[in-house]
Amino acid sequence: MTVVLFVGSVAAAQAFPEVPTKHKFWDATNKALFASHAALEAVDFDITHRNLSDGGKELDPMARALCESGTAGQLVFFGGRMAGVVAITYLLHRTGHHKLERSFPIYASGDSAYGVAYSFAHR
């Protein structure tokens with residue numbers, strides 16, 4: 001691919017390498033994305049567990065039934081979220097949506113980070 005850059009009145013053409021359209025699913029980027037998401041899920045689990053143990057309430061209506069039922073339900077919920085992120089990312093990878101494949105775990109990590117921040121703010 002050739003990109004033309006305009007600097008002042010001079011145009012310069014520069015060739016950039018093509019972005020690979022195929023890569024292994026378990027490449028370094030996905031491993032890092034999954035590891036960071038798993039770490040955020042673990043922290044989210046811990047702070048949610050502590051808040052619920054101290055009499056707090058689960059605000060997420062989708063999580064309420066599992067999380068308020070005890071530790072086992074919380075493990076199922078947070079483990080299921082992690083498994084779901086990997087599964088959806090794999091589906092995006094297999095269907096050739098590589099930008100979405102990278103974006104989805106980032107979005108999910110942002111969601112978990114929001115949950116962590118909210119839980120810490122409302123202890």
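**Figure 1. Aromatic pairs around F34.** Seven aromatic pairs are present in the structure, which is a predicted model. In one of them, F25 and F34 adopt a tilted arrangement, with a centre-to-centre distance of 5.8 Å and an angle of 45° between the planes. The rings of F34 and W26 have centres 5.4 Å apart and planes at 65°, so this pair is edge-to-face, the angle being over 60 degrees. F25 counts as buried at 9% relative accessibility, and F34 counts as buried at 5%. Together with Y90, the residues F25, W26 and F34 make up one aromatic cluster.

**Figure 2. The nonpolar cores.** The largest nonpolar core consists of six residues, namely F45, L52, A63, C67, F77 and F78, and the elements contributing two or more residues to this core are helix α1 (28-53), helix α2 (61-67) and helix α3. Leaving aside residues up to four places away in sequence, F77 is in contact with D60, M62, A63, L66 and C67. A second, separate core has five residues, among them F25, F34, V85 and A108. In soluble globular proteins, nonpolar side chains tend to be buried together.

Figure 3. Of the five salt bridges that the structure holds, one joins the side chains of R81 and E41, with an N to O distance of 2.9 Å. Because R81 belongs to helix α3 and E41 to helix α1, this pair ties together parts that are 40 residues apart in sequence. R81 counts as partly exposed at 22% relative accessibility, whereas E41 is buried, with a relative accessible area of 3%.

Figure 4. D46 and R50 form a salt bridge in which the closest N and O atoms are 3.1 Å apart. The two residues, D46 and R50, are four residues apart in helix α1 and are therefore separated by about one helical turn. D46 is partly exposed, with a relative accessible area of 35%, and R50 also counts as partly exposed, at 44% relative accessibility.

**Figure 5. The network of D27, E101 and R102.** Salt bridges link D27, E101 and R102 in a network, in which the side chains of R102 and E101 meet at an N to O distance of 4.0 Å. E101 is buried, its relative accessible area being 0%.

**Figure 6. Confidence along the chain.** The mean pLDDT of the protein chain is 87, and 83% of the residues score at least 70.

Conventions
Residues are numbered from 1 along each chain as its sequence is written. This is a predicted model: local features need pLDDT of at least 70, side-chain atom pairs count only at pLDDT 80 or more; totals for chains, interfaces and linings use all residues. Side-chain values use heavy atoms; hydrogens and water are left out. Rings of Phe, Tyr and Trp (its six-membered ring) pair if their centres lie within 6.5 Å; planes under 30 degrees apart count as stacked, over 60 as edge-to-face and the rest as tilted. Buried means under 20% relative accessible area, exposed over 50%, partly exposed in between (1.4 Å probe, protein chains only). pLDDT is the predictor's confidence in each residue, from 0 to 100. A nonpolar core is a set of buried Ala, Val, Leu, Ile, Met, Phe, Trp, Tyr and Cys residues joined through side-chain atoms within 4.5 Å. Contact means heavy atoms within 4.5 Å.
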